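Biologist: I have this chain open on my screen and would enjoy going through it with you. Please start with whatever I need to know to read your answers.

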Amino acid sequence: MNNIIEETKFLLKKYNIKANKSLGQNFLINEDVISEIISCSNLNKNDLVIEIGPGLGTLTKFLLEKAGKVICIELDHKMVDILNDRFYLYDNFKILNADVLKTDLSRLISEEKSNPNIKNAKIVSNLPYYITTPIIMKLLEEKLDLESITVMIQKEVADRLTAIPGSKDCGAITYSVYYYSIAEKIFEVPSSSFIPEPEVVSEVIKLNIRKSPAVSVKDEKLFFKIIKNSFMQRRKTLLNSLTNSQIFSSKEYGTKILNMLGLPINVRAENLSIEDFGRISDLLYLDLNETS
Ligand code: SAM
């Protein structure tokens with residue numbers, strides 16, 4: 001048995017804690033996995049790390065040694081009490097008892113970055129799986145001043161987030177992730193690395209935030225609306241999906257757009273590159289703005 005298993009069991013007993021399933025509490029107990037997460041996060045003393053859901057603080061302890069500052073955001077007040085007990089001697093530790101989805105991360109980062117010692121902000125977390133997608137979308141869509149996002153998530157979700165746009169594993173979210181970042185799979189983590197064991201295999205992924213989006217489009221909102229609606233009815237052709245959702249005003253109009261772009265009439269959403277979606281979006285934008 002390694003020290004982290006002993007430590008986790010000790011903390012659970014000492015504070016009389018049972019993992020709360022509805023908060024996605026699965027505590028990491030594998031030292032090798034923690035070392036790998038720390039190493040692929042590339043941390044130094046100029047980094048601000050935001051850890052979402054620190055739990056008992058197993059990963060936090062290592063983050064505090066490597067980073068300039070660590071801000072933890074934890075919803076469960078019982079965990080917050082434990083973390084305050086454990087880390088009150090660290091002057092680079094801060095904890096917020098809050099729901100990450102309701103936290104103003106942009107303000108948090110800009111406040112910390114006003115300290116000249118802090119040059120980069122990074123997310124490093126073993127995420128609560130029940131809200132993986134809303135957390136990732138918040139981190140990306142709010143255009144936070146982040147360098148990277150290194151997170152442990154469910155493998156199935158990792159496959160979708162890191163798929164190549166235009167390949168069979170992709171969904172609407174693949175294009176969003178690709179638009180904002182360069183995604184890499186780091187390694188798979190078996191369920192035996194946690195207490196209690198989750199029912200799924202996990203995977204650590206890293207999203208390296210792009211300085212500018214993967215494609216330049218005239219109207220970002222329209223671009224993402226088209227992608228979302230294209231994938232809503234996966235089995236349908238793009239022409240049918242976009243006509244049904246009234247993004248194409250008629251089938252004839254949609255056929256004209258696809259012809260102009262040299263795309264086959266029976267093309268499906270998952271066959272399109274991000275540039276193809278960009279071109280559809282820009283053509284529609286020009287049409288809408290010429291006729292209005
Ligand atoms: N980081 C710890 C570890 O690796 O052992 C715990 C990870 S556990 C998978 C997820 C953590 O997220 C739990 O501590 C849970 O209480 C916390 N959490 C759940 N929902 C949250 C939310 N909306 N905002 C912030 N933290 C949340």
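Modeller: Gladly! A residue is called buried at under 20% relative accessible area, exposed at over 50% and partly exposed in between, using a 1.4 Å probe and protein chains only. You are looking at a predicted model, where local features need pLDDT of at least 70 and side-chain atom pairs count only at pLDDT 80 or more, while totals for chains, interfaces and linings use all residues. Residues are numbered from 1 along each chain as its sequence is written, and side-chain values use heavy atoms, with hydrogens and water left out.

Biologist: Thanks! What percentage of the 292 residues of the chain count as buried?

Modeller: The C-alpha trace spans about 70 × 45 × 30 Å along its principal axes. Its secondary structure comes to 12 helices and nine strands, taken as DSSP runs numbered from the N terminus (H or I of at least four residues for helices, E of at least two for strands). Of the 292 residues, the share that counts as buried is 49%.

Biologist: Is Asn42 buried or exposed?

Modeller: Asn42 sits in the loop between α2 (31–41) and β2 (47–52). Its phi is positive, about 50°, although Asn42 is not a glycine. Its relative accessibility is 52%, so Asn42 counts as exposed.

Biologist: And Gln246, buried or exposed?

Modeller: Gln246 belongs to the loop between α10 and α11 (251–260). It is a residue other than glycine with a positive phi, near 65°. Its relative accessibility comes to 68%, so Gln246 counts as exposed.

Biologist: Moving into α10, is Leu238 buried or exposed?

Modeller: Leu238 is found in helix α10, which covers residues 238–244. Its C-alpha lies 9.9 Å from that of Ile227, a residue 11 positions away in sequence. Because its relative accessible area is 0%, Leu238 is buried.

Biologist: How many of the 10 residues of helix α6 are buried?

Modeller: Helix α6 spans residues 132–141 and is mostly covered. Among its buried residues are Thr132, Ile135, Met137 and Lys138. Of the 10 residues in α6, the number buried is seven.

Biologist: On to the ligand. Which residues around it are the closest?

Modeller: A residue belongs to the surroundings if one of its heavy atoms lies within 4 Å of the molecule. The shell divides into 12 nonpolar, six polar and four charged residues, where Ala, Val, Leu, Ile, Met, Phe, Trp, Tyr, Cys and Pro are nonpolar, Asp, Glu, Lys and Arg charged, and the others, Gly among them, polar. Of the 22 residues that surround the ligand, the closest are Leu28, Gly53, Glu74, Asn126 and Tyr130.

Biologist: Finally, which peptide bond is cis, with omega near -15°?

Modeller: Look in the loop between β8 (194–195) and β9 (202–209), where Pro196 lies. The cis bond with omega near -15° runs from Ile195 to Pro196.
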